[in-house]
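Reader: I am new to reading protein structures, and I would like to go through one step by step. Could we look at it together?

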Amino acid sequence: MKIYTRTGDKGKTRIIGNDVLYKSAQRIDSYGTVDELNSLVGVVIANLSDKTEVLKDELLEIQQLLFDCGTDLAVSPTDKKHDFIFKDDNGSVDWLEKKIDEYSAKVPVTKKFILPGGSKTAANLHMARTVTRRAEREIVALMQEEPINDFVLKFINRLSDYFFAVARFSNVLDGVEDIQYRNSKPVFR
């Protein structure tokens, strides 16, 4: 199988269901940003420290789930042959919420905003959090134009919270303190 199709030579691409869209279409932006996020999680995994290596398996699971999200976003809304992969009954959002609660209980309480960064792992995870937020904005924009798998949006929304919590936890694992934003008033209770 050749990896080039020449469809892109005219600025178009084919999605699941055989619709051909311009590469600037909101649907392409949405799953393209999810793909970018998945690649960034790969960078996080490749750069885990010895102490944060314990996060590898769950980050690999997140990559699998992100691929499912991207696939569902790539399905044409007119395609009746393909079912969504990402289903509400798969427990992924509950799993993320449990991880968020677990990591939040293991980090120092903060009442102020913190700066993205700290250890190398935490900095990469904060970057993943911000790309997740962008993916969420892209998906919301798509949702305003045409139908999507609503569960993808729910997962992506929760994933940004997960990346915040796991970034803070990775700082704890690496023995690095979070840096509070100096002009922050207390915002968390």
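Reader: What percentage of the residues of the chain count as buried?

Author: This is a predicted model, and a residue counts as buried when its relative accessible area is under 20%. The chain has 189 residues, and its C-alpha trace spans about 50 × 35 × 35 Å along the principal axes. Of those 189 residues, the share that counts as buried is 42%.

Reader: In what order do the elements of the chain run from the N terminus on?

Author: The chain has five helices and four strands. Read from the N terminus on, these elements run β-β-α-α-α-β-α-α-β.

Reader: Which feature does UniProt place at residues 3-169?

Author: In the model, the span of residues 3-169 is 59% helix and 5% strand, and its end C-alpha atoms lie 40 Å apart. The name for this span comes from the record, an unreviewed UniProt entry, which gives the feature as "domain: Cobalamin adenosyltransferase-like".

Reader: Are α2 and α3 roughly parallel or roughly antiparallel?

Author: Two packed helices are described by the angle between their axes and by the distance between those axes. Helix α2, residues 56-73, and helix α3, residues 92-104, have axes 12 Å apart and pack at an angle of about 150°. Angles over 145 degrees count as roughly antiparallel, so α2 is, relative to α3, roughly antiparallel.

Reader: How many nonpolar residues does the contact of α2 with α3 have?

Author: On the side of α2 the contact is made by Glu58, Glu61, Ile62 and Leu65, which meet Ser92, Trp95, Leu96, Lys99 and Tyr103 in α3. Sorted by class, this contact of α2 with α3 has one polar and three charged residues, and the number of nonpolar residues is five.

Reader: How are α2 and α5 arranged, roughly parallel or roughly antiparallel?

Author: The axes of α2 and α5 come within 11 Å and cross at roughly 155°, and α2 passes α5 in a left-handed crossing. Since the cut-off for this class is an angle over 145 degrees, the two helices α2 and α5 are therefore roughly antiparallel.

Reader: Is Asp72 buried or exposed?

Author: Asp72 has its place in helix α2. Leaving out residues up to four places away in sequence, Asp72 touches Arg27, Phe84, Ile85, Phe86, Asn149 and Val152. Because its relative accessible area is 2%, Asp72 is buried.

Reader: What distance separates the C-alpha atoms of Val75 and Gly17?

Author: Val75 is found in the loop between α2 and α3, and at 7% relative accessibility Val75 counts as buried. Apart from neighbours within four places in sequence, Val75 is in contact with Ile15, Ile16, Arg27, His82 and Phe84. Val75 and Gly17 are 58 residues apart along the chain, and the separation of their C-alpha atoms is 6.3 Å.

Reader: What is the relative accessible area of Arg158?

Author: Arg158 lies in helix α5, residues 150-174. Not counting residues up to four places away in sequence, Arg158 touches Val93, Leu96, Glu97 and Ile100. Arg158 is buried, and its relative accessible area is 16%.

Terms used:
Residues are numbered from 1 along each chain as its sequence is written. This is a predicted model: local features need pLDDT of at least 70, side-chain atom pairs count only at pLDDT 80 or more; totals for chains, interfaces and linings use all residues. Side-chain values use heavy atoms; hydrogens and water are left out. Axes are lines fitted to C-alpha atoms, for helices over the stretch in contact, and angles run from 0 to 180 degrees between N-to-C directions. Angles under 35 degrees count as roughly parallel, over 145 as roughly antiparallel, 65 to 115 as roughly perpendicular and the rest as oblique. Contact means heavy atoms within 4.5 Å. Ala, Val, Leu, Ile, Met, Phe, Trp, Tyr, Cys and Pro count as nonpolar, Asp, Glu, Lys and Arg as charged, and the others, Gly among them, as polar. UniProt positions are given in the numbering used here, feature names are shortened, and annotations may be inferred rather than shown by experiment. Buried means under 20% relative accessible area, exposed over 50%, partly exposed in between (1.4 Å probe, protein chains only). A crossing is left-handed if the near helix is turned anticlockwise from the far one by less than a right angle, and right-handed if clockwise.
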